Amino acid sequence: MISFWERESFTRYNYAIIGSGIVGLSAAISVKELSPNSRVVVLERGLFPTGASTKNAGFACIGSPTELLADLKTMPEQEVCSLVALRHQGLLLLRKRLGDAAIDYQTYGSYEILGPDELYCLNRLPQLNQLLQHIVQGEAFGLAPNGLATSFGFNPDFAKAMVINHFEGQLDTGKMMQALLQLAAKMGITVLNGAHVTAFSDSGNYVEIAVNHPFMNSTVLFKARKMAVCTNAFARQLLPDMEVQPGRGQVLATQPLQNLPFKGIFHFHEGFYYFRNFENRVIFGGGRNLNFKAETTTNLTTTSTILDDLLHKLKTCILPHTPFAVDTAWAGIMAFGAQKTPILQLHSSNVVVGVKLSGMGVAIGSMLGKQVAELLCK
Ligand SMILES: Cc1cc2nc3c(=O)[nH]c(=O)nc-3n(C[C@H](O)[C@H](O)[C@H](O)COP(=O)(O)OP(=O)(O)OC[C@H]3O[C@@H](n4cnc5c(N)ncnc54)[C@H](O)[C@@H]3O)c2cc1C
């Protein structure tokens, strides 16, 4: 049994947010901005956030040409533009809220590498620039100078051309999440770790939330006037009817290299592969497209199929002339569905859901969190 004091001071809130990823923390911060005197708790099952927000590669992206052209084949033009706008606005809000220094936001350059079969997209750049002009207030894409890919040391058969994106950058994922947690603490938001939510019920007047107490191995009941589910790829554990599929992303980081020939962020194959410098290391991830079925999982382990593919591409395409050693590798879980647009909905009168960020949450997470808060505080 919990004590009277624990019940009164630790389990009663105006707002409870489930999940301390970028969306949950942004939602909590936005709630406090809208309702400064309210008691807000974030319930997180992990020792620290344990989904995608601490496991991505730190790309601050609005979309690469091949990705956007692929989207235009499956989505109406207006929807593609709305998503780019959400990504752009989300990144501006994230940077404004936390400050570029705190998240180590850098603009060394953002490039899409085009292989021999993708050169067609160079003819489509004017169309894409026109489409995005009103969103970014400028020309999003330009052709990288001749010889730049060679000076970066890439295999010329792999990098036939490169497109520069003028509105993207890179950040330090760990610092971003620490900065969000520190801002939440400064605003008086309680973040409880080891708080696995197993069930909830909305009575109409308040929401009762069942939380597993990891040390006592018992269930503690929390009460909140309103609640938000921000558990992204894990949404179906609480909401089995949600149209959300997990998608694992695997990443590796090299040891520091003596002469790293490039700086910046790079994408190829419609964004399915991505690499960047972090100081003088390379962080390289992707390859989910090799086996979509196997990667539709919430299992946080890495696999040799994907890591071997990443290593092969690193050796033959990206660093063909530079010896390297791998420091570490990891996996994170994203959330996908039939549509790329995130789910933002009122689940019941006091429960809001903000999930399924389709691998774009660094960019759109702050805005989705804000929209969740606006629905909660309505
Ligand atoms: C390898 C990789 C590369 C990526 N690349 C990019 C990129 O280039 N650009 C981009 O914008 N985005 C990228 N992303 C996606 C981005 O990281 C995610 O979209 C974003 O972090 C999702 O944030 P979230 O808060 O919705 O979910 P998460 O960060 O997954 O947070 C959900 C939290 O809920 C917690 N939780 C789950 N169930 C419960 C429960 N029952 N009780 C309590 N807590 C619970 C989890 O432990 C977790 O901490 C990438 C992700 C990965 C993994």
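Predicted model: local features only at pLDDT ≥ 70, side-chain atom pairs only at ≥ 80, totals over all residues.
Reader: Which residues have the most contacts inside the largest nonpolar core?

Author: In general, nonpolar side chains in soluble globular proteins tend to be buried together. In this chain the largest nonpolar core has 107 residues. Those with the most contacts inside this core are Ala-16, Ala-28 and Ala-228.

Reader: Which element gives the largest share of this core?

Author: The core draws at least three residues from each of domain 1 (4–54 + 175–243 + 339–376) and domain 2 (62–166 + 247–336). As for the elements, eight residues of the core are the largest share, and they come from H12.

Reader: Which residues does Ala-16 touch, if residues up to four places away in sequence are not counted?

Author: Ala-16 is one of the residues with the most contacts inside the largest nonpolar core. With residues up to four places away in sequence set aside, Ala-16 touches Val-41, Leu-43, Val-207, Ile-209, Phe-222, Ala-224 and Met-227.

Reader: Is Leu-25 buried or exposed?

Author: Leu-25 lies in helix H2, and its contacts, not counting residues up to four places away in sequence, are with Ser-20, Val-42, Leu-180, Leu-181 and Ala-184. A residue needs 20 or more other C-beta atoms within 10 Å of its own to count as buried. Leu-25 has 29 other C-beta atoms within 10 Å, and therefore Leu-25 is buried.

Reader: How many Å apart in space are Leu-25 and Lys-378?

Author: In sequence, Leu-25 and Lys-378 are 353 residues apart. In space, taken from C-alpha to C-alpha, the separation of Leu-25 and Lys-378 is 19 Å.

Reader: What radius of gyration does the chain have?

Author: The C-alpha trace of the chain spans about 70 × 45 × 40 Å along its principal axes, and the secondary structure comes to 12 helices and 18 strands. For 378 residues, a compact globule would have a radius of gyration near 21 Å, and the chain agrees with this, as its own value is 21 Å.

Reader: Which element gives the most to the side of domain 1 that touches domain 2?

Author: The centres of domain 1 and domain 2, taken over C-alpha atoms, are separated by 29 Å, and the contact takes 25 residues from domain 1 and 23 residues from domain 2. On the side of domain 1 that touches domain 2, helix H8 (173–186) and H12 each supply at least two residues. By class, this side of domain 1 has 14 nonpolar, seven polar and four charged residues. The element that gives the most to this side, with six residues, is H12.

Conventions. Residues numbered from 1 in each chain as written. Core = buried A, V, L, I, M, F, W, Y, C linked by C-beta atoms within 7 Å. Buried ≥ 20, exposed ≤ 12 C-beta atoms within 10 Å, placed from the backbone. Helix = DSSP H or I, 4+ residues; strand = E, 2+ residues; numbered from the N terminus. Domains from an automatic or database assignment. Contact = placed C-beta atoms within 7 Å. Nonpolar A, V, L, I, M, F, W, Y, C, P; charged D, E, K, R; others polar. Rg over C-alpha atoms; globule rule 2.2 N^0.38 Å.
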